[in-house]
Each structure stands twice: as C-alpha cells, then as structure tokens.
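This report covers domains and contacts. The structure comes below.

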Amino acid sequence: MNSFRLSVLSAAMVLSIAPVAADQTRPLQGIRDKTPNLLAFVNATVHTEPGKKIDNATVLVEDGRITAVSTAAAPAGYRRIDASGHHIYAGFIDAYSGYGVEKAPEAKAFSFGDDPVYQNERKGGNASNAAIHAERQWAHDFVPVADDAKGYTEQGFTVVQSARQDGIFRGQAVVASLGKGLPGELILKAEGAHFMAFDKGSSKQSYPSSLMGSIALIRQTLSDANWYRDAYGKQDTLISQQPVEFNAALAALAKLPQAGLVFETTDDRAVLRVDSLLKEFNLQNAVLLGSGFEYSRVNEIKNTGRSFIMPVAYPEAPAVASIDDQLDVNLAQLRHWERAPANLAAMANAGIPFALTTHALEKKDQFWPNLRKAVSHGLAADKALAALTTVPAAMLGLPEQLGKVAPGYQADLVIAKGDLFKDGEIVATWIRGQEHQFKPLQQPQFAGLYNLNLQGQALKLELTGEGSKLEGKLINGDKNVALKNLSQNDNKLQFTADLTEAAAGSGVLQVSATLDGALLSAQLLLPSGSRQQQMLSKESVPAKASDNKADSDTQLLSKVTYPNRAFGLDAPLTRKNVHIKNATVWTSDKAGKLENTDVIVKDGKFSAIGQNLSTPSGYQVIDATGMHLTAGIIDEHSHIAIEMGVNEGSDAVTSEVQIGDVLDPDDINIYRGLAGGTTTAQLLHGSANPIGGQAQIIQLRWGVTPEGLKFKDAPPSIKFALGENVKQANWGEAFTSRYPQTRIGVETIIRDAFQAAKEYKAAWAAYDNLSRSEKKVTAPPRKDYRLQTLVEILDKQRFVHTHSYVASEILMLIDLADEVGFKVHTFTHILEGYKVADEMKKHGASASTFADWWAYKMEVQDAIPSNTCLMADRGVLVSVNSDSPDLQRRLNQEAAKSVKYCGMSQEEALKMVTINPAIQLNIQDKVGSVTEGKQADFVLWNANPLSVYAQAQQTWIDGVPYYDINRDAQLQQQVLAEKQQLMQKVLGASDAARKGSGGTHKTNEPIWHCEDNGDWLKARFSGGQHLHSHAAL
Amino acid sequence: MNLNKSLISLLIAAAVSPALAHDIVPGAKQTAPVLLTDATIHTATKGVLENADLLMVDGKIAAMGVDLAAPEGAKVVSLQGKHLYPGLIALANQLGLIEIEAVRATDDTSEVTDTNPDIRARIAYNADSEVIPTVRSNGFSYSLVYPKGRALMGQSSLMQLDAWTWQDATVTDAVGLHINWPSTSTVANWWNHKKPEEMAKENAKALQKLKDYFVQAKAYADAEAAGLNKGVDSRWQAMIPVFKGQRPLFVHADDLRQIKQAMELAKQYQLKLVIVGGRDSWRMANELAAANVAVVFTAPYGIPERDDEANNTAFQTPALLQKAGVKFALSLDGYWDTRNVVFGAGQAISYGLTREQALAAVTINAAQIAGVADKIGSLEVGKAATVVVSDGDIFDYLTHKVSAMWIDGREVTLNDRNKQLHHKYSQKPAI
C-alpha cells in the first residue's frame, strides 16, 4: 500500500520533486514520501451505480480506494473536498482504445498497380501472414502518455482497454488506468481481450486483398490455433514429415476463448458476418465494436446475442446547400444523418447490451455533446451511465474493482457540476485518489443586481452566469450597455463600461472588484482619472433563463426500410396465394407454351396450371389477359450483391475464400435485377486466379438478410479461370512474377493443386485410421481449407464453373479433369465453345455464354453471337448469362439475340435463361420452369418475353411478389418526397447538427467485374483511414 | 437449332467468297439503276409508304412511289413483305479506331495532352477492321467516329462503313470538335474518400482550365481575323470554324451541372452545341429544346448512376426528350457494341417513343446533328441511295433480319468475321 500511495503522490505532483520517483522493485533513492491519501468528498449527489443515487453524500477514499459512501459527516483527519452542487459518478471505462501503445506505421494508401507482395518475412514465431499480430501483448509495450490521458480524463474516463489497432489479429490488449505513474502500476490487467478486425492495416502482403479473403484468413488461423494446440510438440507427423513449427501467434490464439476478443465492425452487415464467423469456432467470449448503423438491422443484431462497444461519432450531414449538388445526395445518407443519434436508443430499446467508447470521434470533447444528443433521442441516462461504468467493467472482467462508487472499488470518480446527462459539466476526475481538476469546484457567485452610484447617478450593474460564462451590463434607466473586457479570476473581477453609450457620462469606466459574500468591493476608475471605492450590495439574483426549449430535432422524419436505402420496403414481404388468369404461359418444360392459361400459386409453389381454373377462396386474382408468364430468369454468372472485392486475386489458388461470406443484401442491383425479371443468380468469384473462390447461388430477395439471400440447399460450386486474366496478361507491368504467366503454367498449377489435395485427403485418412494411442503421439494434419475445397471437387460434392474463352484451354481443362478425376460442370463465357462443342458434350460439360460480346480482348476475337446455336446443335446444354448488373436486367433480350443471330426457336431461347441455367446450378428440381410442384418463381411480362418491347410487370420468388412495376412507380415518388423532407431538415439544422464528428456513411460497392483485381481490402480501409486521422490514438 | 433463312442465304454466299474479312470487297460503284419494289418504306421524314418502290440511280434516290416503272437496264429487286429503311447512322463512337480494346497496339483512340482540337479521327480509321462489317450487318451504314482523350479531345469524322481506305470512307472530314467536360460530381468513389468540398474544389479547377483554353483559342481567332497572328498555332487554328459556328461543339457530358456549364460556355461564345452522353438531359429537356441544343444520348440501356434513381430512368429518357422537343440521336459510344444501337432504339419504343421517332433517332436526327441531313438520313428523292432492308421490324430481335444494304447505290456485302467463323465451324466433323 505504501508504494501505491507514493506513486499516487508522485504523479499528482507531476514529478516535480526529484527524489520521489519510485517503484516497487527498485531501491528508493533519497527520502521516502509518506504523504497521506485520505479524502472526503462531501455534500455531493453520488451516483453509486446506474439507477442508484445518494444525495448529500460523503465519499471516503483511502490510498486510492473507496472506503465508504454514506451520508455521515467526514471523519477527522481527512482532506475535505466540498462537492456541494456536484454529482459524482464512478470513473468511466473506454474498452476500445489505442492509448499508451505506439501506433503502427501509416499504411500506404491503396493505388492501382502497386507491386504485389506474396510473402511475409518470418521472424521468431510470427505468423505467415503480415496482418496477424496475435502474439503481441500490448502490456509489454504500454507507456502512459499524459497529454493523451488528459483527452480521456477530461471526458471522465479513468480506465481504458488498449491495443494497437492494426491488422486482422491485432494482439492482446492491456487494461490500464489513465492515471499517472509507472506503467507496471497502471496496468490493471495485462492480458485483456484480443482485438480483431477485417482490415489488414499496415500489412503490405497482397493476401488477403478482399473481405472474403480476410474472412478466410481468420477462419484458417482460428482453425490453425486449434491444430497448433493439439499438434505442437508431437514428433510424428503425417504430411510435412517434420515437427510442427514454433508459431507464437498460433500459441497465443490457442488461449483466445479464455482471453476473449473485441471485433471491430464497420456496419450492420459486418455484425452479422462477424457473429456467424465466431459461431463457427464457438467463440462466445466476444464483444463487437459497433458502427452506428445497428438501428437499421436492430432485430437481427439483437438475435446475435452479442454485446457491443459503441462509438458516439455521428456523420456529417449530406451537402444540400446547392440545389444542383443535391443530385449527389442520396436518401440513405440523409436517413443515416438523421438517425445516427437515435442509434443507441434503438439498441437499448431492443435490449442489446453495450458499453460506450470515444473511438471514432474526431475529437474526444465531442463525446459528451454527442452522448447527450443520444439521450435527447431517447437513450435513458441510467443506460448511458451503465454503458460507461458497470457494463464495460464486466466486459473487462473487473466488475469488483471498477464501475461503481462503493467501498472496495477503485477511487475513480467523476465530479460534475450538474447532471452530466442533461447539461452538467465535468470539473474534475479523480483516478485512484489522484486529482485531475479542470475547473474549480466552487465558482464565486457574482451573479446579481447591484446598485452603483456614479457621481450622483443611480446606475445598476447586472451580472449573470458564472465562470467562463459570466457576463453583465450597466443599466441607466432604459439604457444599458454590455460590459467589456470582463475577466474573472477566483473572486476577483474586472470590466469596463462605455458611459457614453449608457448616457451616463462620456468615456469609459473601468472597474476592479472583489467578491466577499454578497458584497462586491469595487474600485472605480473614472474617465477623468479619478478613483472611487464602493461597496456594492447584491439587490437580487436574476432568475436563470430557462434552456428548456423543446428540441424539435429529435422528431425523426426518416423511414427505416428493408434494406435501409432508396427503394427499400416498409416491411419484409410475405408470401401470397394467387390465381393468375388467362396468361400466355411459357413453361420452359415439356408442356411448351400454353395460351389462355391459368396458374395457381399456393404456399410458394405452382399448385395448378391449366385453363379456366376456379379460384380457391382467399386467393388474390391477377387478370393476366394479354400478358406472358415465364419462370423467373436465372443467371449463371453474376457479381452483384458482393461486398469488398469479387476477386481474392493475390494467390493463384484461393479455393478457401467464399462469396457466401460477403453477401450484400442491400445492393440496389438486386432490386434492379428483379425489375428485369431475374430471380436467381450464381454469384461467382472473379477470374484472377486459376482456382478461384467458392460461389454462392442466391435468390434476389429484396429486403432480407445476407443469410436470407442464399438459395437454400443449392449444391456448392466454385469458380476456376483460364487464359488472359489468370496469367495476368492485362494487369500491368507490376504483375509478371506470379506463377503462372502462361496457359501452359495454368494447366500445371491446377494439376499440382489437385495432387496436393489427394495427398491431403490421404493424410487425413491415415490419421483417422490411427489407434487412440498412436494419435496421442502423432500431430494431426493441419486442416487446410484451400485443399479441403479441392477434395470436395474430387468427391463430386462441389461443381466447377470455369471461366474460359479459347478452344485450346477448353480442351486442356477437359483433358486435365479426365486425368485428375474431376468434372468440369459448366464452362462460363466459353466464347469459343462452338469450336469444341463435341468435346465439351463428350466430357459432359455445359456452357454459359454471352449473347454477343466480343472484340474487347485478344481471347475474344473469335467470339460469335451464334455460339449458342452451334453449341446447342451439338447437344451442349447452353445458357446465356449477364456477368453484369446491367445485362441482368434484360437477360430476356440477351436470350432473344440467339433468335436473331442464328434462328433459335423462341422457346429454346427462353430456356437459355430459365431451365438451362437451373440445370447448370443443380437446382432444376426446384426452379427454372413453370411446372406444378416447383417453387413459384415467375415473371409477368406485358409482351412476348423475347421481344425488345417486353417489360417485366411483376417478379415473384417463392410466392412472394418481390417486384411490381406499379409499386416501383410509387416508391419512386416516395423516395423523392422523403428526400425533400430530410433535405429541408438539414437546411434548417444548426451548424453543429450538420457537422459530423467522425461517423461515416456507407459507400456503395463499385460494379464488380470478373477481372477486377486490386487490393480492395486496402482500398476500402485505407481510403477511409484519413476520416479517423484526427482521432486521438 | 434452325438456322434462319437469311443466314442460310448468307452461308451460300460465303461459300463462294473466300472466308476472311479483309477479303470482303466493298461494293462497286453503281452503274445501272436499281429498282426496289413493293416494300414498306420507312422514310424517316415523310412517314411510312406501304407497298412502295424506290429507284436508285447513280448513287442517289431518283424516285419513290407506288408502281414505279423500271428504267432501261435497271436491276429490279422485289422486297415484297420487307421493310426498307434509310441506312442507319451511329453517332459518337470509336468504330475503326480500336480493334481489340485490351491490346494497346490496336487502339488509336486517345492522344496525350489536354489540347488536341487539331486531331481528326478519320486518319486512324481502319477500313479493314473486322468489327465494322459486324456493325453493318445490323443495318448501320454510317458512323461518326471521334478521338477520346482528356479535355479538348479532337474532331470527329463521319464515315460510311463500306470502303477500301479511310479516304473513300470519309463522308465529312471534320464534323465537330469534341470536348470532355470536367466532372461536376462531388461524390467520391469507393476507394477515394474525398469530401464533397475537396471534390468541388478540384472540379472548379478543371473547369477553369478548360475555360482558359477557350480564352486562348478565342484570342487566337480574333487576332487571326485582324491579321495579327505571328505564326500558326495548329491547335487554335482548328477551333476557328467552331467559333464561326461552322462546326458544332460536341460536349461529352452526363451530369446536369456539366450540361448547364456547357450551355453557358456555348452562349458566351455563340457556339453550336451538341451534348454527347446526356444522362441528365431529361432533367432540363425544356431548356435544351429552347436553346436548340441537340443530344446524342449514349445510354439507352443505362443502369442508374445514382443510388436513388429509378431503374428505368435512362430507358425513359428518349421519350422525355422527344416530348420536350429536343433533337436527339441514340448511340452507345463504344465500338463493337454499336450494332446494338438499333435495339436500344427498339427498347426506347417500349418506353414511349413511336417507331418513327425511334427511327429518326438513328437516321435523320443523327444526320442533322452531323450536318449532313441534306444528303443522308432519310429516304427522299435526291438524297444518297443508302438504304437497308430488314425482313421484319428492324428494332425487335424477333423480326430484325437485315438482308441487303446499299450505300450510295453500291450494294454492300453483308458478310462478317462472326458469320465466317460460324460458317467454318458449322462444317467441323463430329468427333
């Protein structure tokens, strides 16, 4: 206890006395410091914990700890601190900080054509990927920084959890006091939570270059940590035939479930993504750093059951001052600007637990104005207090030491003049008995009306406010002048008054006064130079003007829709039973085209197709006379609804990455695709590598969650690619080192990858066959997600869709697949498919192609628009795909081009965008045709669906009307009206309300293409980095 | 799959001619009159004539009407049940300037420097491009090609699409000056998080730079008129006809703010203005009509560029321009995809244009914008005998069958690389 006290004192005196620097393990030099630390805060309103308050209370502190909280008088021997008129709260805790830890070197911002970096330099036991710093324990590097600490303590924070915010696995945080002292004494918990994020930070390594790559790396690393725990030190191995390497990062992560983690999210979708990733590894001991977007998916986020650390940074209002520049403003941003301050209330109302952080704020002093704004938007003060004290204390595992004003707790106290959650002001923060005072606790009360006699004239002096807000005027009958040069220092006051203006003489009166009780002892210096001394008595105290003007800003005008952007829906759509009458039905099955036909949809399925059917009771009826009904359009090749990179274009083989990990259900291109009749799409990885990532088949359900987009039970598939893109022919001069650079190398690397997969499978089989005692001494093989995926292909559980153009590479892959023992399910693009259609047919491969694209690169020089017909003539199953959100809106027209260019029959042409792609995606038993028993995915067209004049009127998926051309027209009007209202609100808002404080808006994804390479992960996060550049640490 | 009749006839034709595009021989000069009979004639300016005849003599339309008499020695072609249109005109693209987009050696579209008003597109026009015949095959007889680039991009040339060299392809050497208007958007992109204020500042700087070029060019033009120039500045010399109103200024601009700025500049210097792009043109259609500013709308299939815009905004734009009385043509501003402009016009019909209006947007309006409406762009006596035959409605995939074309009375071979490869591989023996 002694040395603890010493450290407290040494800090309090700012190390100004040489001999007192001491620690517990070094012999003291000089004279010991035995100053007592006995404090009594009296007459305060003490908030002992959220929801509990004691008025006129006394808080006793001894040696940095609270010993008593009561209404009893302060005992003798204690330093008495009069806190009358003040509120005392437990010190606040910021559980997401970078305090006391040196920042990472600034990451080089993304630019196109940067040199790729394929390897991480290995040192000691570091990880193989440069974005993994899990072995770092930031307690080892912790150094208190007084200036930075002040930023926190001024806002009432006394404890932080801190780590370097750099990389994906950021290392283990330290929990430390913000007081002054030696690092080792300030550390409350050396092994805090591991900080994590999707952002690879300063890593120069190319992998991962996409969000899905980042997720795959996390998945592999977490799996590796489990493997390392089981395998390290065992001498027998099955694959590498050598002992398991020493790997400090994996060793540290092996203890992750106990240490816990904090995962940084950037929006609501990321929350869902992190949650499901952590669930794969059963990581319950995790807290998420929130983004401020939680309100837009509050129910789904509530259902994760996770706790959050929430910033209170708000975004800037969109710029609406210029009428024409309003073109650049979108509804989603307007809504978010309005709703961001109501986010915490929405979370609290939903019952989502959260703590608060200063993270993401441009400046720390924005914390309290912003938090009060959240309170005025409905966040209960008790919830807010809990989020600053008891909730984070529990998150840090220190609920018995931190977060309450109670005996035994650390003497971290926030002293505020007034109620901090209304309009109070923090005047001092005490940390473990150390004082950090910002303003005097008791301001002299000058406010009052005083009589002043000036050479026979009876004037009045009116002073209002206190401290820095003190102001006044000199009153002469009905004239008055404001006081100038007013300054106050403790109980001394000076000011001047222009007597000419007050018609009380000519010249300036100078006054210097001292307050003594209710008397103001004033020295007057008259314009003439003569001096007077007067005792001014306070006549009355003017009533304080009420600040309680109604805050109309808290009235929310914006909607929250599904998804929360323009064209979002007021509520998720539901299934309908419907009777469609008298349509021309293009079945895309053996029944062909049926005129004047009825279709009945029941419980999401086509239940009856025939003429003059009777309407079951309760069914909606659609008169489709003159209209055409087709199955929903299916797109074999799409890149919509994918977040942060369609390619993991770094390594040549990336079969571990999953498009399904990065679905973006908010992508407006889903809605646009529906408007063109598209109901199902296969979202493919790009074509940057010979073996790309795992694909995801989705249904274009507008307004659902990422999980809700997935086509239920669709067999898994994967993207391969051949030709110019994978040999990096058009990537620029920096990209000439990755193997392969030729079509010859492409064949070889695919063969080698499958060979590795076979050996991998064999190793696992061998391990699984070991006896229990053999397993004890044998390191298990490392689970390798990359190879595991290839094993699935070999096992015929995953289907290959391969990007391909020229005849030679098509034949190559067919031969290689036959040799290695897998099947090429579908060749996509396949613009020279017509040259080798027989060979494809023989292998059993199908083809999905563009209608008429050509000439844009060397390998499409022989593309022809009759490719479809020539392949179909040789018996190949053919579909037409979009590979573009634009074409996805008119795949019916793309199919019609085969009618024009090579005379394909209209029904066969339509099959190229309905049943044929369904077969290619292995979902033909569920969708792709208008057949009784199949899922009711259909489109109503106002003309022959293959005509250029046809427009989709309604698009249904699973019996749910996801698109309706009339509803679309209404939505267009609603979007305009809501925007106008919100822009009015921005225009009427104060500068302060318009100005942001570090919060962000969502930015749209670019339109992804097959060949879009680049470090998208870096682009997204480094592009955004300067937004936070002002944030302290 | 069934091959359609026109394709079969084509294959027969291909069988007798060698199967390489550079052996597709341009049509020979018209030596004898040609009488096309019993067609549905879409004149583009004078309505639709049913069961009518059209007589071509010496490369010009000599007569049009019902039951025309065949002159001595005339070749008579029955077009019973078929549709006859003016040869279609595609405005504003790079046809013939690029062969393969990704192969730099085949791309002659973009010059360096900001100030290239003195370069003319036709010089690099490759009359032997494999792409051109595929565009012809869908009914196009003319194309306005322009150099791409930075600010003052260069001058466009109007080319006819069946030629031996760029010289005999040239209809008009210098049609107009094309400039790329500086961006006005304050929205940063995905990887560049610049704030609106920063963006606005950059935009203003780029605009000022462009305006400065006009100040310099005008100074040169004025000094030239007064005989005070001390030498030739090739760049500004090329702009004199633009200042004189002899050639239009084609401003490539999509955003409302860009279009407004361009209109101000055109007003300041009294220039004849054409907007190319025109995504936002519908937002100020009345102003454009009032100021006689024409639009080459390049996004008939456009996907919205702003979040909150309706999916069908671009689709409806032609009809909105038409309604306001704006003169407009359609384009896709690319090269190989120019063949789809005709279907873009078709889609515009479903969004409110009449068939005649859609036809005008790829014929007479385009001719007017290119300054050649006295010669081409409609079927009228005295105009060029440039006609295209489709077996059915040319705008719809289901009926579009271009079976014959004449340019200046020369019969055009409708073979192309796509068809030749089709022909070749149709003959590949089964394995």
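## Domain contact within chain B

In this predicted model, 25 residues of domain 1 of chain B are in contact with 28 residues of domain 2 of chain B. On the domain 1 side, β5 (83-86), β16 (387-390) and β17 (402-407) of chain B each supply at least two residues. β17(B) gives the most, with three residues.

The side of domain 1 of chain B that touches domain 2 of chain B has 14 nonpolar residues. Eight polar and three charged residues complete that side by class.

## Domain layout of chain B

Domain 1 of chain B is assigned in two segments, 25-87 and 377-414. Domain 2 of chain B covers 88-375. Taken over C-alpha atoms, the centres of domain 1 and domain 2 of chain B are 30 Å apart.

## Contact between chains A and B

Chain B brings 45 residues to its contact with chain A, and chain A brings 66 residues. On the chain B side, the elements that give two or more residues are α7 (256-269), α10 (341-350) and α13 (417-426) of chain B. By class, the side of chain B that touches chain A has 25 nonpolar, 14 polar and six charged residues.

## Domain layout of chain A

Chain A is divided into domain 1 (1-35), domain 2 (36-105 + 120-214 + 384-443), domain 3 (448-540), domain 4 (576-632 + 929-958) and domain 5 (633-927). Between the C-alpha centres of domain 2 of chain A and domain 3 of chain A lie 45 Å.

Conventions. Residues numbered from 1 in each chain as written. Chains lettered and ligands numbered in written order. Predicted model: local features only at pLDDT ≥ 70, side-chain atom pairs only at ≥ 80, totals over all residues. Contact = placed C-beta atoms within 7 Å. Helix = DSSP H or I, 4+ residues; strand = E, 2+ residues; numbered from the N terminus. Nonpolar A, V, L, I, M, F, W, Y, C, P; charged D, E, K, R; others polar. Domains from an automatic or database assignment.
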